[in-house]
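Work through the following exercises with the model in view, and try each task before reading its solution.

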Amino acid sequence: MKLFYFYPKRIDLPLIAGLIHLKQLSTEKIPSFDELETAGQALIKQPLALGVPCYLGKKDLVEIYAINFGNSIELAKQTIAGLHETNLLSKEEWQLVTFKLKLNWSLRIGWLLWQWGKLEAQGRKLWVKGMQQLYPSLVAVLKE
Amino acid sequence: MKIIYHCFGGAHASPTTAAIHLKMISNRHLPAMMDFKNISKFDLAIGKDHGKLNYLGTDHQGNEVYIMGREHQAVMVINIIKEFVKLSGGNPDEYHFINCCQSFNLLMVIGGFSSRRLGWVWFGRPLVTLGTLLAFPKLVAIVKKIWTIPHLES
């Protein structure tokens, strides 16, 4: 089975969600600055185009991916459903997973600044701070 | 090879271009307005069809010809198709995507929106048909360009 985490217009949250699923990030405690920075850094170095999945790892025969569909979630779902209908995808189970969370401003602004590159250090710190604040809610929503 | 003609809604430019490709409609002269009634899937697709490959036929070289609506998200939809096919063990290089949007004109936009989005078929269909007729030479040029690509031969 293949499992794709996505969140409207973002790739950082699906990435962290996938790493939590894989137990590469703890569900018991908030990850350190370095742990989160390392996770985000991988995406900053190799930004993904819309619709391109990022393979995160495998757990219990389930392959975990993070993917960004921008704001066109419905269109993306229809595209994948269409591939199944025309038998262009294997019979293997493909699952799209999303979650609802209220994002904080540190996370939003921090990610933008980090990506922009000119205020990279400030952006990175803000993003990690925002992610640490959000982390318990993210874990809780994933446990559901 | 799979040849996929795509445009915003997959209802006018791409079905007409695919019909020219499949020789369901002659490319030697302008069709009559009535001829568009014979084009498979012309002015039929709606929102829930977007993103889905619609098979129209196989050409004389054995290439499968599809049409697709992808709204303003051509890059994302094409990425999803290619990446998911790759993950599924298929060969994404077999998929050849051709954008038909450069043929759009105002009549096609207004007529297409009225017919497909608003459901005013009585108003939109004649407009979009006339628009497609005016765009016909551009659509023929797209197909002729595709026919010259050697690797599309089976």
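**Exercise 1: two helices of chain A**

In chain A, the axes of helix α1 (residues 12–21) and helix α2 (residues 33–45) come within 10 Å and cross at roughly 130 degrees. Axes here are lines fitted to C-alpha atoms, for helices over the stretch in contact, and angles run from 0 to 180 degrees between N-to-C directions; helices (H or I, at least four residues) are DSSP runs numbered from the N terminus. The model is a predicted one, in which local features need pLDDT of at least 70, side-chain atom pairs count only at pLDDT 80 or more, and totals for chains, interfaces and linings use all residues. Residues are numbered from 1 along each chain as its sequence is written, and chains are lettered from A in the order in which they are written.

Task: state how α1(A) is oriented to α2(A), and which residues make the contact.

Solution. From α1(A), the contact takes Asp12(A), Leu15(A), Ile16(A) and Leu19(A), and from α2(A) it takes Ala39(A), Gly40(A) and Leu43(A), two residues being in contact if their C-beta atoms, placed from the backbone, lie within 7 Å. By class, these residues are five nonpolar, one polar and one charged (Ala, Val, Leu, Ile, Met, Phe, Trp, Tyr, Cys and Pro count as nonpolar, Asp, Glu, Lys and Arg as charged, and the others, Gly among them, as polar).

**Exercise 2: between the chains**

Task: find how many residues of chain B are in contact with chain A, and describe the packing of α3(A) with α2(B).

Solution. On the chain B side, 20 residues are in contact with 21 residues of chain A, and those of chain B comprise nine nonpolar, seven polar and four charged. Helix α3 (residues 73–85) of chain A packs with helix α2 (residues 74–87) of chain B at an angle of about 35 degrees, their axes being 10 Å apart. Among the residues in this contact are Leu83(A) of α3(A) and Phe84(B) of α2(B), and the contact has nine nonpolar, one polar and no charged residues.

**Exercise 3: a bent helix**

Task: locate the bend in α4(B).

Solution. Helix α4 (residues 121–147) of chain B spans only 33 Å between its end C-alpha atoms, whereas a straight helix of 27 residues would span 39 Å at 1.5 Å a residue (the expected span is 1.5 Å times one less than the number of residues). The helix α4(B) bends by about 50 degrees at Ala135(B), with Pro137(B), a proline, following within four residues; the bend is the angle between axes fitted to the seven residues ending there and the seven starting there. Ala135(B) is also one of the α4(B) residues in the contact with α1(B).

Technical notes. Parallel < 35°, antiparallel > 145°, perpendicular 65-115°, else oblique.
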